[in-house]
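Q: I am new to this structure. Could you take me through it step by step?

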Amino acid sequence: MTATYRRVRRRWGAPLLFLLPAALLFVAFLAIPIGYALYLSFRGMRVSGGGPFGLRQETWVGLDNYVAVFTDPELLAGLGRLAVYGVIAVPLTLGFALAFALLLDLPRVRGARFSRTAIFIPYAVPGVVATLLWGFLYLPSTSPGNWILERIGLGGIDVLHGPILFPSVANIAIWGGVGFNMIILYTSLRGIPTDVYEAARLDGASEWDIAYRIKIPLVGPALILTGLFALIGTLQVYGEPATLRPMTSAISQTWVPLMMIYRDAFTRDNLSVAAASSVALALGTLVVSIILLRVTQKRSFGGS
Amino acid sequence: MSTTTTPRPVGTRRLAAERSRPAGRRGAVLPSIVLFLGALYCLVPVVWVLVASTKSSSELFSTFTFLPGTGLLENLGDLFAYSDGQYLQWALNSVIFAGVGAVACTLVSTMAGYALAKYDFPGRQLAFYAILGGVLLPGITLAIPQYLLMSKIGLAGTYWSVLLPSLISPFGIFLARVYAMSAVPTETIEAARIDGANDARVFVSVALPMMVPGMVTVFLLQFVGIWNNFLLPFIMLSDERMYPLTVGLYTLLSKGSGTPSLYSLAIIGAAVAIIPLVAMMLVLQRYWRLDLISGGLKG
C-alpha cells in the first residue's frame, strides 16, 4: 500500500455529507424500485369468494408469477433468441475491439489516428438512430448490397427475415460497441511500459507472439470488464429490435425479454408478471456477471 | 550435428536480416489495411444517412442508395416545420436531459467517490458493495418500477421523471473513486487541514481541481449515456413535445411505415441528430481519460 492510497483519519460527519446526495438518489431510484419490483412480483389478482359474484382482489400469490414467467413458452423463446443474439454479438464485439486495439498499438501503422477516430464514431450514435441507419441499409429497396446484386443479375437477399435476422440485429450492436471497447483496450495497451516487450522484440519475437503472450495477458482485466459490460448490455437489449419492428414482420412484440416485459406492463397491464420477469432478468444478469468474475478469478473491481 | 545448435544465433541473424531490410515498412501494411476496413465499416452507415438526407422522398427508393439527391433543403425545411417545430423541441429536450443530468450526476459522483476513496468511516465497505451491485445491475430493468413509483407521486410524464433517475450512476461513482484514489494524495489533504481548512474547503479548493480530468470522463460517459437512452424516456413520457431525440425519431419511424414522406423525415432527423454529438466526441476525445476504466481494475 503506497502512501497515496492511505486514507485520511477516521471521521464521521464530512464523508457522510459528501455521500448524502448519492445515497438519497441511490435509495430513491435504485433501492426502492428494486424493493417495489420484488413486492409486486409476489402480488397478483385473485378471485375470492368463488361463484359468479367472486371479487377480483390484489393479494399475495407467492411464487405464482415466477412459475407463470418460467413456464411461459414465449418468454423461454425470447430468452433463446437473446442467447443466439448474445452468442453472436458479445464475442464479435470484443474480438474486433481487441484486434483493432492491438493493430493500433503496432509500430508503423498508417492512418492510425483516422482509423481510430472513425471506429469510435458509432459510440456517439444512439442505438435507436443506429438501428434506423442499418434498417435502411437492410431494407431491400434502399440496400446497396441488393442494388449491386440486382445489377449483376442475382436476386436480392432479405436480411430482415429468417435466420439471418440474428446476425443483422447483432451487427447493429457490434457496430455501436466495437469503438468504445477498442478505446478502453487501446488505452490500457498504451499503459504497458514499452520496455516490457522491447526485450522480447530484441530477442526476435514476432509481433504476433508479443501480442499473444505479453499484451493480451496484460490487458486481461480490461478485457474482462469490457466483456462484462457487453454481456450486461446484451441482456437488456430493447431499442434495436423494437426500432426494427416497423421494417420487418419477423420481430414479434415479445422478441426479447425486455420487449415482453414492456408489453406485459403497458399493453396487458399485468404489472405482477412484468415485475417478476424484471426481477428474474436482473437476478440472471447478476448471476452471470458474478460467475464471469469468479471464473476469470481476477479481482477485477479492485476491492478496497 | 547442425540440429543441436542453440536457437539464439538464428534469432539474432533473423533480427539482423530484418534490420537490413530497406525501409522495414512492409510489416505494417496489412494492419493498416485491416484498420482501414474497420473504419470503412463504421463510417458507411454515417455516410449513407448524410447522403440519403439529400434525397427527396421520391428519390429515396428509386436512385442508387449512395447517390446524392436534390432534396436536402426541402427535407430540412420539412424537418423543422414538422408539427410546429417539434424536432427542435426534441433536440432541446435531449440537450436539457443530457446536459443537466450529466453535470449534476458528475457532481454527485465526484463527492461520493471522493468520500469513498479518502475517508475511513463506518459503513464505507457496505456503501462500496452497494455501488458495485448497482454497476452490475441492468438499470433498464428498473425502468418499469421507477415509472410506477413516479406515477404514484404524480411525477410520471414530467421532465423530472427522466432527469432524476439519470442523476445516479453507480459506475460514475466507481470511476470517481478510482480517480480520487490515484490523483489526490492524502498528504496534500492533510497539509491543507493542518493549514486550517475544513473538510468542505479541502474538497472544493484542493481535491476538486485535481479531479477535473476524472470528472470530464464521468461527465462525457453520462452525457452520451443519457443522450442515447431510449427506454427510460419512452416509458416515462407521454407528451410528444417532451420527447428527447431518440424517442421522437422512433415515433417518426414507426409512424413512417406506409408513409414514405415520414421516412425522409426520419432520415434527415437522424442525420441532423448525430452531427452535434459526433462533433462533440471528436473535439473532446483528447480529454477522455478512458484508461481510468481499465486502470481501476488494478486497484
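**Chain B, the interface and a helix pair**

A: In chain B, residues 24 or more positions apart make up 72% of the contacts with a separation of 6 or more, where contact means C-beta atoms, placed from the backbone, within 7 Å.

Q: What kind of model is this, and how are residues numbered?
A: This is a predicted model, in which local features need pLDDT of at least 70 and side-chain atom pairs count only at pLDDT 80 or more, while totals for chains, interfaces and linings use all residues. Residues are numbered from 1 along each chain as its sequence is written, and chains are lettered from A and ligands numbered from 1 in the order in which they are written.

Q: How many helices and strands are in chain B?
A: Chain B has 16 helices and 0 strands, taken as DSSP runs numbered from the N terminus (helices: H or I, at least four residues; strands: E, at least two).

Q: How many residues of chain A are in contact with chain B?
A: In chain A, 93 residues are in contact with 93 residues of chain B. Helix H1 (residues 13-41) of chain A gives the most to that side of chain A, with 16 residues.

Q: Changing topic, at what angle do H12(A) and H13(A) cross?
A: The axes of helix H12 (residues 257-267) and helix H13 (residues 271-296), both of chain A, cross at roughly 155° and come within 7 Å. Axes are lines fitted to C-alpha atoms, for helices over the stretch in contact, with angles from 0 to 180 degrees between N-to-C directions.

Q: And how are they oriented?
A: H12(A) and H13(A) are therefore roughly antiparallel, a term for angles over 145 degrees.

Note on methods. Contact = placed C-beta atoms within 7 Å. Parallel < 35°, antiparallel > 145°, perpendicular 65-115°, else oblique.
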